[in-house]
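Student: I'd like to learn how to read helix packing and sheet layout in a model. Could you take me through this one?

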Amino acid sequence: MNSFESRINLNIPLSSLSEVVSEIYWLGKFKENKIIEIGYEDFNYILSTTKGKYIVKVFSTIRTDKDTINLTNRAVSAFENGISCPKLYKNIGGGNYLSFIEISGVKYRLIVMDYIEGNDFYTLDSKPNDKELITIAKELAKLNNIDYRPPLIYDKWAIINFKEEYNKNISLVSKDDKILIDKVYEKFNQIDLTKLKYGFVHGDIIVTNIIKEAKSGKLYFIDFSVSNYLPRIVDIAVSICDLCLDFNEKEALGRMKIFLNAYQHISPLSEYEKECLNIFLATHQAITVLETTREKIEENNDSKENEDFLKKGQVGLRFVFNHLTQK
């Protein structure tokens, strides 16, 4: 059993699960499936049937049933509020998005959505252009304005949990990384989180979670697994770090300005949010280094994706700290 299959205790051919999924979601006759080998927790794959292609997200065994319900409700909230994300499907049994399926003694919890014929920006090995940045920023502002307050799910990668993750994992990082992360920790501790505006945040709008449709170029947000009701500056910081910063100071600052102007066209930032933004940018890079290092050492994760994000976090940490937090 490989690492992806072990996430859901898959003990049958994936095709057997796919045949059941095709039937209960009325997707047509099963043809083939393909595992999506990116991401850290859940098991995602492409299901092809006589009616078309779909994404099946099977929730990891580390999640409780309550977790899977909460996570599904997050995706449904975005979908039903008109956010640009793949269409979700209801099963034919109870008319629910989430299904619980037991096969050969293993229970699978899953949802089904449209497959977008295209690629995420990580696969495309590119960043959004200026026009796409504007689209993403405006869509993100719309998402953050949704009046939805789901139960909090702890995400060890989230900026908001930096203090806890710092205390658990700082001993794992290199000496050079620790020097800067310690400085970020000191600055982050000075922020008054109660003064920030809260909203429904995706939490992970990065290159792997935005799909660009091949024909139309339309952009879709995917994977609401770490969405929460948090300071909206979390979404802004994560998106800027991953989508705007290319470590060329002039170009990076220009892309940041484009993104922030577009976001504020929908929802202006407060003065305190503007004051805290650079610290949140640095904190996102710091926690990326912490968590990718932990994955590499404690989880033996030597995947290209993890290595790419570790290097990106290390370079980003130095860039943000040296060029932004000192200004």
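Tutor: Let's start with a pair of helices: H5 passes H8 in a right-handed crossing. A crossing counts as right-handed if the near helix is turned clockwise from the far one by less than a right angle, and left-handed if anticlockwise. Before we go on, note that this is a predicted model, where local features need pLDDT of at least 70, side-chain atom pairs count only at pLDDT 80 or more, and totals for chains, interfaces and linings use all residues. Residues are numbered from 1 along each chain as its sequence is written, and side-chain values use heavy atoms, with hydrogens and water left out.

Student: At what angle do H5 and H8 pack?

Tutor: Axes are lines fitted to C-alpha atoms, for helices over the stretch in contact, and angles run from 0 to 180 degrees between N-to-C directions. Here the angle is about 160°, and the axes of H5 and H8 are 11 Å apart. Angles under 35 degrees count as roughly parallel, over 145 as roughly antiparallel, 65 to 115 as roughly perpendicular and the rest as oblique. H5 and H8 are therefore roughly antiparallel to each other.

Student: Which residues of H5 and H8 meet?

Tutor: Contact means heavy atoms within 4.5 Å. From H5 come Leu133, Ile136, Leu140, Leu143 and Asn144, and they meet Asp235, Ile236, Ser239 and Leu243 in H8. By class, that contact has 6 nonpolar, 2 polar and 1 charged residues. For the classes, Ala, Val, Leu, Ile, Met, Phe, Trp, Tyr, Cys and Pro count as nonpolar, Asp, Glu, Lys and Arg as charged, and the others, Gly among them, as polar.

Student: And how does H8 pack with H10?

Tutor: H8 (residues 233-243) and H10 (residues 271-298) pack at about 55°, their axes 9 Å apart. That makes H8 oblique to H10. The crossing is right-handed. On the H8 side you'll find residues including Ile233, Ile236 and Ile240, with Leu277, Phe280 and Leu281 among those in H10. This contact of H8 with H10 has 11 nonpolar, 2 polar and 1 charged residues.

Student: Which strands does H5 lie across?

Tutor: H5 (residues 130-144) lies across S8 and S9, running at about 35° to S9. Helices (H or I, at least four residues) and strands (E, at least two) are DSSP runs, numbered from the N terminus. Two strands pair if DSSP finds at least two bridges between them. S8 (residues 210-213) and S9 have 3 bridges, in the antiparallel sense, and isoleucine 211 stands opposite tyrosine 220 in S9.

Student: What is the strand order in the sheet of 3 strands?

Tutor: This open sheet runs S6-S8-S9, with antiparallel pairing. S6 (118-120) and S9 (219-221) each have a single partner strand, so one side of each is left without a neighbour in the sheet. Neighbouring strands are turned by 25° against each other on average, direction ignored.

Student: What about the sheet of 5 strands?

Tutor: That open sheet has the order S1-S2-S3-S5-S4, again with antiparallel pairing. Its edge strands are S1 (30-35) and S4 (99-103), and the twist averages 35° from one strand to the next. Antiparallel S2 (residues 43-49) and S3 (residues 53-58) are joined by 6 bridges, with isoleucine 46 opposite isoleucine 55 in S3.
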